[in-house]
Amino acid sequence: LNTMRTKGGVFLIVIIAVALIAFLLGDLSSVIFGNGPEKQNVGTINETEIDYQEYLAKCDQRIEAYQALSQRTLTSEEQFQVRQEVWGELVYENLFAEEFAALGLSISEEEFVAYCAADPEIVAMLEVLEENPQAQIQWELIQESYPRQLLNAKYAMLLKSGNNANT
């Protein structure tokens with residue numbers, strides 16, 4: 001019993017050291033063999049793995065655009081909203097876009113131009129596009145998001161007209 005007391009402390013230290021080394025080697029092996037953070041997925045949409053680094057890059061790009069537009073740093077709440085927006089776009093790209101293509105739905109260049117021409121704010125922004133860098137950023141965001149919104153509206157109208165035909 002006395003031997004156990006005196007050598008038990010040394011034995012306990014050895015066990016803790018081995019466990020710590022095993023933990024560190026486990027992390028090191030995950031980085032070496034490709035299971036590290038660079039290979040992580042943030043989620044799965046329609047059986048498509050969404051890479052964390054790509055998602056983060058899209059979020060950072062959008063946050064930078066909004067900060068340049070507003071000429072201030074976004075709050076954490078606003079950054080969260082941007083991340084939610086980017087995730088929604090990924091859902092759209094990986095789920096709805098495929099379904100819309102299967103239905104033959106699309107937005108033509110003429111439809112997009114007509115929509116933009118009907119919006120006085122967009123027309124005013126386009127008039128100062130050359131000399132205003134903020135307008136350029138805003139135009140890029142419009143070109144990215146408005147066709148998706150128009151396609152969603154077209155799909156909703158298709159569903160509505162389909163429901164009315166059977167009544």
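Figure 1. L95 is placed in helix α3 of a predicted model. Leaving aside residues up to four places away in sequence, L95 touches I45 and N46. T48 is 47 residues from L95 in sequence, and the C-alpha atoms of the two are 9.4 Å apart in space.

**Figure 2. N46 in the loop between β1 and β2.** The loop that holds N46 lies between β1 (41-45) and β2 (48-51). N46 is not a glycine, yet its phi is positive, at about 55 degrees. Most residues other than glycine have a negative phi. The relative accessibility of N46 is 37%, so N46 counts as partly exposed. N46 is also one of the residues touched by L95, when residues up to four places away in sequence are not counted.

**Figure 3. Q71 in the loop between α2 and α3.** Q71 lies in the loop that runs between α2 and α3. Its phi is near 55 degrees, a positive value in a residue other than glycine. Q71 has a relative accessible area of 62% and is therefore exposed, the cut-off for this class being over 50%.

**Figure 4. The largest pocket and its lining.** The largest pocket holds about 230 Å³ of space. It is lined by 13 residues, of which K58, Q61, R62, L141 and E144 are the closest to its centre. The largest share, five residues, comes from α2. By type, the lining residues divide into seven charged, five nonpolar and one polar.

**Figure 5. The largest nonpolar core.** Ten residues make up the largest nonpolar core: F112, C116, I122, M125, L129, A135, W139, I142, Y146 and L150. The elements that give two or more residues to this core are α4 (109-118), α5 (120-127) and α6. Of these, α6 gives the most, with five residues. A second, separate core has nine residues, among them Y55, C59, I63 and V82. In soluble globular proteins, nonpolar side chains tend to be buried together.

**Figure 6. Contacts of L129.** L129 is one of the ten residues of the largest nonpolar core. Not counting residues up to four places away in sequence, L129 touches A135, Q136 and W139. A135 and W139 are also listed in this core.

**Figure 7. The protein chain as context for the close-ups.** Six helices and two strands form the secondary structure of the protein chain. From the N terminus on, the elements run α-β-β-α-α-α-α-α. Of the 167 residues in the chain, 20% are buried. The accessible surface comes to about 12100 Å², and carbon and sulfur atoms account for 58% of that surface. Among contacts with a separation of 6 or more, 57% are between residues 24 or more positions apart.

Definitions and conventions:
Residues are numbered from 1 along each chain as its sequence is written. This is a predicted model: local features need pLDDT of at least 70, side-chain atom pairs count only at pLDDT 80 or more; totals for chains, interfaces and linings use all residues. Side-chain values use heavy atoms; hydrogens and water are left out. On a 1 Å grid over the protein atoms alone, a cavity is a set of points where a 1.4 Å probe fits but cannot get out, and a pocket is an open set with protein on both sides within 12 Å along at least five of seven lines; lining residues have an atom within 4 Å of a point. Grid points are joined across faces, edges and corners, and a volume is the space filled by probe spheres set on the points. Helices (H or I, at least four residues) and strands (E, at least two) are DSSP runs, numbered from the N terminus. Ala, Val, Leu, Ile, Met, Phe, Trp, Tyr, Cys and Pro count as nonpolar, Asp, Glu, Lys and Arg as charged, and the others, Gly among them, as polar. Buried means under 20% relative accessible area, exposed over 50%, partly exposed in between (1.4 Å probe, protein chains only). Contact means heavy atoms within 4.5 Å. Accessible areas come from the Shrake-Rupley method with a 1.4 Å probe; for residues, only the protein chains shown count as cover. A nonpolar core is a set of buried Ala, Val, Leu, Ile, Met, Phe, Trp, Tyr and Cys residues joined through side-chain atoms within 4.5 Å.
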